[in-house]
Amino acid sequence: MASNAEGGRRFARRDQLLRIQSEVQKRWEEQKVFEANPGSNPPEPGEKFFGNFPYPYMNGMLHLGHAFTVSKLEFAAAYHRLRGCNVLLPFAFHCTGMPIKASADKLAREVQQFGNPPVFPCTEEDSTTESVDESKAEDGNAVAPDKFKSKRSKAAAKSGGDKSQWEIMRSFGLSDSEIAEFQDPYHWLTYFPPLAKEDLKAFGLGCDWRRSFITTDMNPFYDSFVRWQMRKLKGMGKIVKDLRYTIYSPLDGQPCAVLEIIS
């Protein structure tokens with residue numbers, strides 16, 4: 001009982017701050033604090049501020065890196081709002097390119113090969129760490145005897161050891177029946193953006209959510225804008241077609257290098 005009481009005291013201040021945060025965010029939404037509307041007269045220099053954030057890619061949940069980066073924009077927008085500027089901060093979600101399609105196709109292949117839900121063959125995992133010699137490392141420098149060196153690549157380390165797309169989706173807290181729906185690439189576009197929006201609201205982002213959208217042809221307005229922009233730039237001679245080496249996926253039938261993925 002004493003430990004429970006101690007734990008309650010430990011989190012009482014945090015819980016109070018969370019309650020205050022929730023009340024204030026509700027007030028912001030009710031009063032439409034972050035909705036930016038044009039004035040009756042053109043703004044003078046310094047009377048408006050526009051901020052934008054590179055669209056996060058919607059093949060999963062937002063993470064701490066997104067919060068770190070968007071905090072800089074949020075602080076700048078809040079500063080200009082306090083100065084009395086008319087601040088416009090929209091937000092969008094990037095769904096174009098190969099990663100979502102490739103992940104959906106990978107799920108479909110796993111279902112085709114191993115069933116729904118997949119029953120993957122058991123394989124003995126390779127050891128991921130090795131004890132470093134107590135006296136010398138590979139380069140001859142002395143190291144502490146309790147140090148270990150990972151054999152995994154950076155990509156494998158980031159994935160947490162998940163090797164199948166199904167296991168990666170499970171790591172998001174999804175059930176097997178939910179994961180099966182992600183074989184359709186368009187399902188990703190309707191599932192992850194709303195979750196990202198709720199996370200950003202909880203973060204306290206001062207966004208005008210009336211001006212939020214996703215990319216791809218599911219959004220005909222944005223799709224038309226991009227098509228117009230590319231044709232315009234090509235007509236001005238700003239876009240040329242040339243040859244260069246790239247990574248090509250015979251399985252997917254198109255390039256899959258980073259620049260092709262995000263274009």
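The following legends accompany close-up views of a predicted model.

**View 1. The chain as a whole, with its helices and strands.** In this predicted model, the chain is built with nine helices and eight strands. Of its 263 residues, 26% count as buried, and the chain exposes about 18,700 Å², of which carbon and sulfur atoms supply 56%. Where contacts in the chain join residues at least 6 apart in sequence, 67% of them link residues at least 24 apart.

**View 2. Serine 164 in the loop between helices H4 and H5**. Helix H4 covers residues 154-158 and helix H5 covers residues 165-170, with serine 164 found in the loop between them. Serine 164 counts as buried because its relative accessibility is 7%, and buried means under 20%. Apart from its neighbours within four places in sequence, serine 164 is in contact with Lys106, Glu110 and Phe120.

View 3. Helix H7, which has 19 residues (185-203), reaches 28 Å from its first C-alpha to its last, close to the 27 Å expected at 1.5 Å a residue. Just after H7, glycine 204 takes a positive phi of about 95°.

View 4. The buried residues of helix H7 are His187, Trp188, Leu189, Phe192, Pro193, Ala196 and Leu200.

Terms used. Residues numbered from 1 in each chain as written. Predicted model: local features only at pLDDT ≥ 70, side-chain atom pairs only at ≥ 80, totals over all residues. Heavy atoms only, no water. Helix = DSSP H or I, 4+ residues; strand = E, 2+ residues; numbered from the N terminus. Buried < 20%, exposed > 50% of the residue type's maximum accessible area, 1.4 Å probe, protein only. Contact = heavy atoms within 4.5 Å. Areas by Shrake-Rupley, 256 points an atom, 1.4 Å probe, with all protein chains shown as cover. Expected span 1.5 Å × (residues − 1).
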